[in-house]
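Here is a short note to read with the model open beside you. Take the points in order and find each residue as you go.

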Amino acid sequence: MLFAAFVLVIGIGGVAYVRALDLDSQPPASADSTVADLDFMRDAMPATRGKILAVLTSTAHFPDGKKKAGFELTELSRAYYVFRANGYEVDIASPQGGSPPMRLDEEDVVIADYAFLNDAEARAKLEASLRLRDVYPARYAAVYFVGGKGTMFDFPNDPDLQRIVRTVYQAGGVIGAVCHGPAALLDVALDDGTPLLRGRRVAGFSNAEELFLIKDARDRFPYLLQDRLVEKGARYVEGPMYVDTTVVDGRLVTGQNPWSTWSTAEAMVRALGHEPVTRAPGRDELAVRVLAAYHRDGMEAARMLRATLPEADTRLLLMHALVAGMQGRLHEAWQLQALALG
């Protein structure tokens, strides 16, 4: 995809424009990164505020057995360390228990993701995840549902998952989910029969995002998440494609896509009654801020913000230019490339 982005840039701006991007000045995160490399973990609070349960899918493939499903590591690792830094112990669970099927897009990996992979304690929890049927929900202050395409198949209609959400929520706890993770909430009803989602503002992976990545998504999935959330009575809030969009409705916190993971986790900490510890945003987050300004306030505002954020991820800005170009929004593609140039 990055090569395709280069082709698009060449077609619009020429080889000199590509050289001006100076991508080598922003090397990728080191695969040897550890927890010690995370600035916000150096001042991590002791785990005295309770526990948060992170739930992952156990579904490795689509029903046809050909396309991989699984959970997204980036949506687990980043939230995991936010919770840890803010005084919470994190347990990991999945419908079947054991080692859930992981998906890792190396183009999107940041230091926190590699740190998780190199964290013996975190990996041990992941590889021996609790079975949902064995989870005692009263132990948890919050539940966080990690996204990944597998969630679309095994999260809805799981009675143990519904039991955990219902118990934690009715006890005053916080429920969070990101990307495809809100599939967990589709069939949850409270003790009085009220659907958890009825009338609630929520985010989740949008139809536009799904259909851009998988053209035949309506045939491959049993439903599209945005459509089903609306069918279940939720008030769906849609942000720009692949831009951080996190929605807080009381003690229900949902994020639209993988780039919403940081803000979803930190919003959950706030919903639990605490201000998150200070954390320096990564290059990817800085780029997402520029993109959000572009979509919300226009090119001039985005250009001004970009000038103050020279470390914003050029590759991510370039990828958004590619998406716009592939969808025929050529003027937007041109402007986003200009933002990438800085």
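What is the relative accessible area of Asp297, and is this residue buried, partly exposed or exposed?

1. Asp297 has a relative accessible area of 45%, so it is partly exposed. Its salt-bridge partner is Arg296, with the closest N and O atoms 3.0 Å apart. Arg296 counts as exposed because its relative accessibility is 59%. Keep in mind throughout that this is a predicted model.

2. Now take the salt bridges as a group. The whole structure holds 18 of them. One of these joins Arg131 to Asp134, and its closest N and O atoms are 2.8 Å apart. Arg131 has 34% relative accessibility, so it counts as partly exposed. Asp134 is at 47%, so it counts as partly exposed too. There is also a network of salt bridges, which links Asp64, Asp216 and Arg220.

3. Look next at Asp249 and Arg200. Their side chains meet in a salt bridge, at 3.2 Å from N to O. Asp249 sits in strand β10 (residues 246-249) and Arg200 in the loop between β7 and β8, so the pair ties together parts that are 49 residues apart in sequence. Both Asp249 and Arg200 are buried.

4. Glu209 is a contrasting case. This residue belongs to helix α8 (residues 207-213). Glu209 is buried but has no salt bridge. The nearest side chain of opposite charge is that of Arg329, 10 Å away. What lies 3.0 Å from a polar atom of the Glu209 side chain? The backbone nitrogen of Ser206 does. Leaving aside residues up to four places away in sequence, Glu209 touches Pro240, Met241, Tyr242, Gln256 and Asn257.

5. Turn to strand β7 (residues 174-178). Five of its five residues are buried, so the strand is largely enclosed by the rest of the structure. In a regular strand, side chains alternate between the two faces of the sheet. In β7, Val174, Gly176 and Val178 point one way, while Ile175 and Ala177 point the other way.

6. Which strands pair with β7? Strand β6 (residues 140-145) runs parallel to β7 and is joined to it by four bridges. Here Ala142 stands opposite Val174. Strand β11 (residues 252-255) also pairs with β7 in the parallel sense, over four bridges. There, Val178 faces Gly255.

7. Helix α14 (residues 314-326) comes next. Its 13 residues should span 18 Å at 1.5 Å a residue, and the end C-alpha atoms are 18 Å apart, which agrees. Eleven of the 13 residues are buried, so α14 is largely enclosed by the rest of the structure. Among the buried ones are Leu316, Met319, His320 and Val323. Asp313 caps the N-terminal end, with a side-chain oxygen 2.9 Å from the backbone nitrogen of Arg315. Just after the helix, Gly328 has a positive phi of about 80 degrees.

8. Finish with helix α15 (residues 330-341). Its twelve residues reach 17 Å from first C-alpha to last, close to the expected 16 Å. Its buried residues include Glu332, Gln335, Leu336 and Leu339. Gly342 follows α15, and its phi is positive, near 80 degrees.

Notes:
Residues are numbered from 1 along each chain as its sequence is written. This is a predicted model: local features need pLDDT of at least 70, side-chain atom pairs count only at pLDDT 80 or more; totals for chains, interfaces and linings use all residues. Side-chain values use heavy atoms; hydrogens and water are left out. Helices (H or I, at least four residues) and strands (E, at least two) are DSSP runs, numbered from the N terminus. Buried means under 20% relative accessible area, exposed over 50%, partly exposed in between (1.4 Å probe, protein chains only). Lys and Arg count as positive and Asp and Glu as negative; His and the chain ends are not counted. A salt bridge is a side-chain nitrogen of Lys or Arg within 4 Å of a carboxyl oxygen of Asp or Glu. A polar contact is a pair of N or O atoms within 3.5 Å; within protein, one must be able to donate a hydrogen and the other to accept it, and residues adjacent in sequence count only if both atoms are side-chain atoms. Contact means heavy atoms within 4.5 Å. Two strands pair if DSSP finds at least two bridges between them. The expected span of a helix is 1.5 Å times one less than its number of residues.
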